[in-house]
Number of protein chains: 2
Amino acid sequence: MCAATDLSSSQRTADVVVVGGGLIGLATAWRAARAGLSVTVVAEPVEGSASTVAAGMLTPATEASFGEEALMRFAVLSRDRYPSFVAELEEDSGLAAGYRAEGTLQVAFDSDDMARLGHLGELRERLGLSTERLTGRECRRLEPMLAPSVRGGYLASDDHSVDPRALLEAMRAAAERRGAVGVRDRVRRLVLDGGGRARGVVLDSGNEVSAGQVVLAAGVATPAIAGIPEGVVPPLRPVKGQLLRLRTPGGEDPIVARTVRGLVKGSPVYLVPRGSGEVVLGATQEEQGFDTRLTAGGLWQVLRDAHELVPGVSELEVAETCVGLRPGSPDNEPLLGPTAVPGLHLAAGHFRHGVLLAPATGDAMAEALTTGALPDYARRFAAVRAAGGPPATADGGRTEGGEQDQWM
Amino acid sequence: MCAATDLSSSQRTADVVVVGGGLIGLATAWRAARAGLSVTVVAEPVEGSASTVAAGMLTPATEASFGEEALMRFAVLSRDRYPSFVAELEEDSGLAAGYRAEGTLQVAFDSDDMARLGHLGELRERLGLSTERLTGRECRRLEPMLAPSVRGGYLASDDHSVDPRALLEAMRAAAERRGAVGVRDRVRRLVLDGGGRARGVVLDSGNEVSAGQVVLAAGVATPAIAGIPEGVVPPLRPVKGQLLRLRTPGGEDPIVARTVRGLVKGSPVYLVPRGSGEVVLGATQEEQGFDTRLTAGGLWQVLRDAHELVPGVSELEVAETCVGLRPGSPDNEPLLGPTAVPGLHLAAGHFRHGVLLAPATGDAMAEALTTGALPDYARRFAAVRAAGGPPATADGGRTEGGEQDQWM
């Protein structure tokens, strides 16, 4: 991407301008470019960008919780696309995406935690997610560094992981190789024509990018973009996550061989290994507005729970601490595709699932941008639902709850 | 200090060259310069420099432990010199040293911890250190953010604190104002003349600084200086400390009004407030060689214990994490004054007490450099003791243990 002083003609005019250079914006841009559209991506470095902080778990089986069945079905679909998505991405970009297919082990610290995990077993079966119940001893056979106190767990062989930072680099390269162009700048406002149709965006530099379609994919910053007519984009609440990255001494394998998720006295924690030997520990989930401060309590909570599960983490070096803001929509489900404003699309509100949902989102957005409508599998998440548009029907129909109104 | 490409004549030749730009080196340089000696200080930025990491507690009363009576007497003497030392320093430098005279509250988390603190009460009385025993409620009246579970404690009104980074800046300025000159470089080796007398040092830049007397005050790096005859400087073991600095939101007072030290199930922890609102939390005490890695376990231990004592620390922002190496001598006591090599002095091995002992050390070293002998109050800590020199006698005589031989 180049800084925006003078824009080239391919930067100034495109079929699609995507606002946001995180995983969702780039997945949209890359897949749209592959589908033959000319694309300009406008991105600025954002503090607390969820994409650069995320651990990269692709784990619907160990994430499934009651009340989120439809979202989990979408997540499973997206997870199942990951291998081909990564293969295409690595081919288009020439870069590795850090995909790891070692599976995920979910463990319980005490018998209450084990009961909670078992309870979710029924839900996993209903969703067709295969997991294997293991004793504490079997868990430790897979992951010898687990604490002796671990009571048992579940192995989810199909729950994998990816390195979001590597993924981001690969998507940037792949999008460019497919003809998308980037502009590093902040969007000052959305531009509508006289008929109320989206026509592009004006940047802080004063430059304008004109496009037949505009995709807003700026995470928690999306609703604050100026010029969006009222009621079109629901508020997205920032859900703060604090994480640590731990480094293994020179060239050793990571302390766990696969993603380990745990419940420790009801508190969830995870350890996600990387090929480099690094392990990502996370994460808090705090709802306190646009706050990206690293706090003593956030670090303490993550370290405490990780230490209970895998005491050996104590010996590891702290390579980095990070804080990110997950974009939570009013019903915690993503907002995809056309809005009530002609030419204006959303790809936002992916909350804790942005990495996992990137392939399905990229594909769904590319389809919406080329055909004007979301594919069936994504219709439940239509952006218009939140703005009182016609409710989705058929396979994508909304049957649970009525939370989609609570933000209005 | 200026980088050493071409040295000025006042850098090249001095009465005294001090190797080390930490608190002990600068206290020595400043006090020697005040005593009329010409001084050159050779310093390089060192990873894990104890002086920039130290919390700055001046707390012999709450530090006293059995087996360290003589050291504590020296510490009390040094603490009592602090007010005039700081006054002179601020006058010489024109800078504030961050001295705080709010006292120190030492608290116990449970009744076992309280019993341990009470036990030390007898020792404090023997050392003439006045502390006031308080109930849990009285502790919370002084420090309202203390956990309700705190069982009780002791108020040590004469145990104060200083900001070691401010102190360091002030000492640097004061030494320069008194005519000392600095050279930013690494010492390649000590220079001895044909008669075996110390004559100066050669620097990495190839420059030589000639001086009638050489003071080695480079903390844990001291014994590794090349050219020191065998047996003259004992090994100094690095004792790693990991700390956090927490920031209070904009302009608020620190979360504690005075230094709070606690025992939490036998584990010591402290919170030291600064005028800026910052609080320093520490510290681990780990013996594992020259290791300055910040570890998950180090952070976790400090956060866990601090959180037990003052739960509100959880809300504070992490401003900085630090790792320092305390220089521990074989008997954990400082090594001061002349060595077996004529013209060569030590000011090293201050372990956990470098900040506290800086005034007494600076004065004792200035006396040794001008008169050739340590003052009585410092003779117990004579550097020659460790090299099998004549044992100190009289008030400074060594009566406890025989640990001074264990390094040989």
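Which side chain meets that of A:Asp163 in a salt bridge? Keep the question in mind while you select the parts below; the model is a predicted one.

**Stop 1: the two domains of chain A**

Colour chain A by domain: domain 1 takes in 1-101, 159-235 and 330-408, and domain 2 takes in 104-157 and 237-328. Their centres, taken over C-alpha atoms, are separated by 27 Å. Across the boundary, 38 residues of domain 1 of chain A are in contact with 37 residues of domain 2 of chain A. About 3200 Å² of area is buried between the two domains, and carbon and sulfur atoms give 58% of that area. Select A:Phe66, A:Val220 and A:Phe351 next: in domain 1 of chain A these residues lose the most area to domain 2 of chain A, together 20% of what that side buries.

**Stop 2: charged and polar pairs at the boundary**

Now show A:Asp163 and A:Arg274, whose side chains meet in a salt bridge at 3.6 Å, N to O. That answers the opening question: the partner is A:Arg274. Between domain 1 and domain 2 of chain A the count is four salt bridges, and 15 residue pairs are in polar contact. On the domain 1 side, the elements that each supply at least two residues touching domain 2 of chain A include helix 5 (69-93) and helix 8 (164-177) of chain A. Helix 5 of chain A gives the largest share of that side, five residues.

**Stop 3: helix 8 of chain B**

Move to chain B and select residues 164-177, which form helix 8. Its 14 residues, at 1.5 Å a residue, should span 20 Å, and the end C-alpha atoms are 19 Å apart, so the two values agree. Just after the helix, B:Gly179 has a positive phi of about 100°.

**Stop 4: backbone details in loops**

In chain A, find the cis peptide bond between A:Gly282 and A:Ala283, with omega about -10°. A:Ala283 sits in the loop between strand 16 (279-282) and helix 9 (296-309) of chain A. In chain B, a cis peptide bond joins B:Gly282 and B:Ala283, with omega about -15°.

End at B:Lys265, where phi is near 50°, a positive value in a residue other than glycine. B:Lys265 lies in the loop between strand 14 (259-264) and strand 15 (267-273) of chain B, and counts as exposed at 56% relative accessibility.

Technical notes. Residues are numbered from 1 along each chain as its sequence is written. Chains are lettered from A and ligands numbered from 1 in the order in which they are written. This is a predicted model: local features need pLDDT of at least 70, side-chain atom pairs count only at pLDDT 80 or more; totals for chains, interfaces and linings use all residues. Side-chain values use heavy atoms; hydrogens and water are left out. Helices (H or I, at least four residues) and strands (E, at least two) are DSSP runs, numbered from the N terminus. The expected span of a helix is 1.5 Å times one less than its number of residues. Domain bounds come from an automatic or database domain assignment. Contact means heavy atoms within 4.5 Å. Buried area is the accessible area (1.4 Å probe) that two parts lose on being put together, summed over both. A polar contact is a pair of N or O atoms within 3.5 Å; within protein, one must be able to donate a hydrogen and the other to accept it, and residues adjacent in sequence count only if both atoms are side-chain atoms. Buried means under 20% relative accessible area, exposed over 50%, partly exposed in between (1.4 Å probe, protein chains only).
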